[in-house]
Amino acid sequence: MFSVSRIGSEVSTSVKKACSVSETAPKRKHVRACIVFTWDTKSSRPFWDAIKVLPIQENDIQVFKALITIHEVLQEGHPSCLVGGYRNIPWIESLGRYSANQGRYGRLIHDYSFFLVQKLRFHREHRGFNGTFEYQEYVSLTAVSDPNEGYQNIIDLADLQDSLDDLGRLVIASASHNRGNECMISALVPQIAESYGIYKFLVSMLRAMYRSSEAVEALEPLKDRFVEQHHRLYDFYADCSAIRYLTSLLTIPKLPIEPPNLMVADNDPDD
Amino acid sequence: MTTKSMLRSIKNVTNGYSSAQVMVRNATSNDASGPTVTQMADVANHTYDRGEFLEIMDIIDRRLNDKGKNWRHVAKSLTLLGYLVRYGSEDVVIWAKDNVYVVKTLREFQATDSMGQDQGGIVRVKARELTDLLADDERLRQEREAASRKSGHR
């Protein structure tokens with residue numbers, strides 16, 4: 001807001017440093033500088049301009065780090081980052097096409113860019129959600145007032161959760177071959193935050209649907225799917241809890257073993 | 001007076017900081033201890049002055065965006081800001097809400113000291129607590145009421 005270090009041209013330096021060649025996690029301070037920049041200027045264009053001109057196509061590690069950076073900026077940046085993201089869907093897709101199935105990072109890059117595109121498409125269709133899916137009351141209210149739309153919302157959210165789950169599994173599987181592979185593991189940080197945000201949304205939206213709808217049988221398929229996702233998410237968090245790099249950095253959410261009761265209201269003590 | 005605090009007092013003069021700003025800089029310095037409650041209460045009193053308020057927030061903003069090496073600046077500014085939203089003027093609350101992303105993005109702050117020890121944890125915890133407080137209007141109102149009863153301010 002005031003300080004000299006946050007003037008526009010500096011964002012390209014931060015992007016460059018976040019996507020450096022070294023096989024480490026993108027440094028948080030540089031990613032944070034990008035995020036803070038988008039809020040200070042209420043604009044994401046300089047960020048996208050900077051990341052698109054980086055000469056990273058030659059190097060898998062840099063492409064992968066760019067994807068992590070984009071993911072975190074989409075999550076925590078100013079809402080305009082999502083809008084800028086829609087415009088750059090073709091470019092993000094091209095990152096994934098480039099290195100399909102070659103090198104250690106090939107498959108990861110392919111799936112990650114696929115996921116980001118899916119996330120952006122989701123946000124374009126459902127404007128009520130923010131990048132990290134932080135809970136906002138009004139969204140679940142709109143879902144209830146129009147059950148058909150709510151139904152579709154839940155299906156789309158569950159689809160996104162499935163892709164996220166696949167991606168998380170792939171990352172864990174790839175990283176476990178080489179111990180201490182911080183670069184790959186760091187991709188899990190935004191994924192954990194996102195999957196938990198989606199999970200909380202699904203719980204409260206499903207509860208709202210159950211409370212307002214008369215045709216409870218119609219919601220059965222949604223419920224079955226939710227229960228299945230709950231168990232997979234539980235396993236995913238358990239796997240993440242075993243990775244020291246992650247546990248020192250963030251609190252991994254702990255889900256109950258049994259899926260929560262969907263027939264009660266959100267504020268009930270058994271939540 | 002240690003060499004470092006001597007250096008700081010020289011910087012205070014050469015960079016032309018106001019007395020309120022010097023107060024904030026001392027409260028959020030790299031010294032191992034502090035900020036003390038007296039220091040924080042002093043700063044809180046000065047946030048009721050419109051001109052000094054902006055000067056104070058300017059320094060806090062800079063301290064919050066400091067590098068990992070100066071993790072004490074960041075940790076102490078979070079402590080101070082947490083105190084100010086409870087005991088300072090209403091303007092602090094408005095400022096903090098407008099700039100909540102500065103605090104929010106610190107929830108993943110990382111820093112290792114020269115011994116290779118992780119020092120970011122304290123910042124991450126403080127940032128998470130402050131973000132939660134700023135998001136909860138009801139709790140913030142209650143805490144401000146309790147604070148004004150305690151300190152006798154308005």
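**Exercise 1. Work out which residues account for the contacts in chain A with a separation of 6 or more, and what the fold is built from.**

Step 1. Start with the contacts, where contact means heavy atoms within 4.5 Å. Among the contacts in chain A with a separation of 6 or more, 78% come from residues 24 or more positions apart.

Step 2. Now look at the secondary structure. Helices (H or I, at least four residues) and strands (E, at least two) are DSSP runs, numbered from the N terminus. Chain A has 13 helices and 0 strands, and along the sequence its pattern reads α-α-α-α-α-α-α-α-α-α-α-α-α.

Step 3. Check burial. Buried means under 20% relative accessible area, exposed over 50%, and partly exposed in between (1.4 Å probe, protein chains only). Of the 271 residues in chain A, 53% are buried.

A quick word on conventions: this is a predicted model, where local features need pLDDT of at least 70 and side-chain atom pairs count only at pLDDT 80 or more, while totals for chains, interfaces and linings use all residues. Residues are numbered from 1 along each chain as its sequence is written, chains are lettered from A and ligands numbered from 1 in the order in which they are written, and side-chain values use heavy atoms, with hydrogens and water left out.

**Exercise 2. Find A:Glu194 and describe its surroundings.**

Step 1. Go to helix H11 of chain A, residues 188–212, and you'll find A:Glu194 there.

Step 2. Is A:Glu194 buried or exposed? A:Glu194 counts as buried because its relative accessibility is 0%.

Step 3. Look for a polar partner. A polar contact is a pair of N or O atoms within 3.5 Å; within protein, one must be able to donate a hydrogen and the other to accept it, and residues adjacent in sequence count only if both atoms are side-chain atoms. The side chain of A:Glu194 makes one of 2.9 Å with that of A:His71.

Step 4. Setting aside residues within four places in sequence, A:Glu194 touches several residues, including A:Gln75, A:Lys119, A:Phe133 and A:Leu164.

Step 5. Follow up on A:Phe133. This residue sits in the loop between helix H7 (103–125) and helix H8 (137–145) of chain A. A:Phe133 isn't a glycine, yet its phi is positive, about 60°. With a relative accessible area of 2%, A:Phe133 is buried.

**Exercise 3. Identify the residues that touch the most other members of the largest nonpolar core.**

Step 1. In soluble globular proteins, nonpolar side chains tend to be buried together.

Step 2. The largest core has 78 residues, and A:Ile51, A:Phe64, A:Tyr112, A:Leu157, A:Leu188 and A:Leu246 touch the most other members. H11(A) gives the largest share of this core, 12 residues.

Step 3. Apart from this core there's another of 41 residues, B:Ala20, B:Tyr83, B:Ala111 and B:Leu130 among them.

**Exercise 4. Describe how chain B meets chain A.**

Step 1. Count the residues: 17 from chain B and 18 from chain A take part in the contact.

Step 2. Take the area. Buried area is the accessible area (1.4 Å probe) that two parts lose on being put together, summed over both. Here it is about 1,700 Å², and carbon and sulfur atoms give 47% of that. On the chain B side, B:Tyr101, B:Thr105 and B:Glu108 lose the most area to chain A, together 39% of what that side buries.

Step 3. How many salt bridges are there between chain B and chain A? A salt bridge is a side-chain nitrogen of Lys or Arg within 4 Å of a carboxyl oxygen of Asp or Glu. The count is 2, and one of the salt bridges pairs A:Glu134 with B:Lys104 (3.4 Å, N to O). There are also 10 residue pairs in polar contact between the chains (both at pLDDT 80 or more).

Step 4. Finish with the elements: H4(B) gives 4 residues, the largest share of the side of chain B that touches chain A.

Terms used. Core = buried A, V, L, I, M, F, W, Y, C linked by side-chain atoms within 4.5 Å.
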